[in-house]
Amino acid sequence: MPTFVAKIRDQKGNSRTEKVVAETVAKARTNLRQQGYVVQDLKKTGGGFSLGDLNSKFATVSVKDKAVFSRQFAALVNAGVAIVRSLGVLSEQCTNPKLKSALIDISNDVQNGLNLSDAMRKHPQCFDGLYVSMVQAGEVGGVLDEVLNRLAKLLEDVARLQNQIKAALSYPTVVGFLAVSIFIGMTVFLIPIFANIFKDLGTELPPLTQFMLWVSEILRSWRLFLVIGICVGIWIAYKQYYKTPVGRQTIDRLSLKMPLFGDLIQKSSVARFSRTFGSLTRSGVPILTSLEIVRDTSGNQVVANAIDAARVEVQQGGMISLALQKEAVFPPMAIQMISIGEETGEIDAMLMKIADFYEDEVEQAVKALTSVLEPIMIVVLGGMVGVILLSMYLPMFKVFDSLG
C-alpha cells in the first residue's frame, strides 16, 4: 500500500510531518482529518528502492508473532481501549515488518468503518481463515477480548507443539549435516593424497578403495554439477508431484505409515484438529464452518479428507464420530471421546481434553524419537568415517601381506 508524507497542523497549532499509509491520496487526507489534523501538504513518497518494503515483502508472520499480538490486543480491548487506538499502539511496537504493515492497514480500514474481521481478511498472509472466523464470532457475540485470549492460547499451544517437533528433528539434522560435511571433506581432500601413494605402490586396489576413488573423482570434477542437477531435478519433480491431488494423497498417506515418524504425525494431527475445532466451536463459530476451516489447516491431505467426510456427514444430519470412524485415520480413543461429547452436548470441552491428552502423547513421542535417533545418527556418522578409513588402509594391508 502506498505511503504518503503529510505536513499537518494539530489542534494546538503545531506543525509537523507525518507518514500515512493509505490506498489513495483522498483516503490519506480523510484519515488525517478524522484524527483532528489540518492537512497543509500531502505527497506520495518516491517509488524507489526501500529496504523496509523489501523486509515487509519477504518477512513471514510466525505463530508466535500472532500469539503475542493476540494476547496484547486482548489485554488492551479488555481494558476498554478503542480498537483503532489499540491497533495503533500495537503497530508502533511491532517488530515484524509484514505484521506491522498489516496492522496499519487494518487500523485505517476500521477507522473508515470496516469490521475488524473484514479488515483482517484482506491480509491472509498474516491472519488465516481460522483467525478471521474467530474474530468475527467475537465481534458478533460482543466477546472479542475473550475470543482473542482463546486465540492466543490456541496459537501458543500450536507454537509449543511445533517447537517440540522441531526439537526432535534438530539433532538428526545437525548430525546429518556434520556427517555429510566430514564425508565430503575426507573424500575430496584426504583420499587423493592416498591415491598418489597407491599409484606409486603399483598394487591392485580393493573394490572398496576403487569405489571411494571414483567418488572422490566425481566430487572433484565437473560431474559433481551433474549429480547436483539430478538431485535438484528429483526434488523439483517431487514438489510438482506433491502439488497434484493424487501425489499429495499418496505422499501424505505414506507419511502416516512411516516408521518412527508416522505415529508422531498422526498424534500431532489429532491434537491440532481437536484444539482448533474445540476453540472454534467454543467461540461460537458454526460447526460446518469450523470443520471447513480445520480441514484447510490440517496439513495432511488424508486427515483433511477425513474431516471433509465428517463435514458432509454433519450436513446430512449425521455424527462427526461416525464419519471419522469410517475413514480409519483418527485413533479409536479420540473417536470414542468425540462420540461421548456429541451425546452429552459438550463436544467443545471433550475436544479440549482430547487435545491435552494427545499433546502430552506428542511430547512423549518426541522424547522417545530423540532417544532412538541419537544412537542411530552416531552409528551412521561413525560408519561413514569408518568406510573412508577402511578404504584407505585396505591397500596398505595388502602391501604388508605381499612384503611379508
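Select residues 207–219, which form helix α9. This helix has 13 residues and reaches 19 Å from its first C-alpha to its last, close to the 18 Å expected at 1.5 Å a residue. Now colour its buried residues: Thr209, Met212, Val215, Ser216 and Ile218.

Before going further, colour the whole chain by pLDDT, since this is a predicted model. The mean pLDDT of the protein is 81, and 93% of its residues reach 70 or more. Which element has the lowest mean pLDDT? Helix α2, residues 51–58, has that place with a mean of 55, while helix α10, residues 223–243, has the highest mean, 90.

Next, select residues 261–282, helix α12. From first C-alpha to last, the 22 residues of α12 reach 31 Å, close to the 32 Å expected at 1.5 Å a residue. Is α12 mostly covered or mostly uncovered? Colour it by accessible area: α12 is mostly covered, with 16 of its 22 residues buried. Past the helix, pick Gly284, which follows α12 and has a positive phi, near 95°.

The structure holds three cavities of 30 Å³ or more. The second largest cavity has a volume of about 40 Å³. To see its lining, select Ser269, Arg272, Phe273, Thr276, Val294, Thr297 and Ser298. Helix α12 supplies the largest share of this lining, four residues. By class, the lining of this cavity divides into two nonpolar, four polar and one charged.

The second largest pocket has a volume of about 390 Å³. Select Ile165, Leu264, Ile265, Ser268 and Arg272, which are the closest to its centre among the 18 residues that line this pocket. Helices α8 (144–201), α11 and α12 each give two or more residues to the pocket lining. That lining has eight nonpolar, seven polar and three charged residues.

Now move to helix α11, residues 245–256, and pick Ser255. Is Ser255 buried or exposed? Its relative accessible area is 12%, so Ser255 counts as buried, the cut-off being under 20%. Show its surroundings, leaving aside neighbours within four places in sequence: Ser255 is in contact with Gly262, Ile265 and Asn300.

Go to helix α7, residues 129–141, and select Gln136. Gln136 has a relative accessible area of 35% and is therefore partly exposed. Apart from neighbours within four places in sequence, Gln136 is in contact with Ser117 and Arg121.

For the last stop, select Val372 in helix α17, residues 347–403. Val372 is partly exposed, with a relative accessible area of 35%. How far apart are the C-alpha atoms of Val372 and Leu260? Draw the distance: the two atoms are separated by 8.8 Å, although the residues are 112 apart along the chain.

Note on methods. Residues numbered from 1 in each chain as written. Predicted model: local features only at pLDDT ≥ 70, side-chain atom pairs only at ≥ 80, totals over all residues. Heavy atoms only, no water. pLDDT = per-residue confidence, 0-100. Buried < 20%, exposed > 50% of the residue type's maximum accessible area, 1.4 Å probe, protein only. Contact = heavy atoms within 4.5 Å. Expected span 1.5 Å × (residues − 1). 1 Å grid on protein atoms, 1.4 Å probe; cavity = no way out; pocket = protein on both sides within 12 Å on 5 of 7 lines; lining within 4 Å. Points joined across faces, edges and corners; volume = space filled by probe spheres on them. Nonpolar A, V, L, I, M, F, W, Y, C, P; charged D, E, K, R; others polar.
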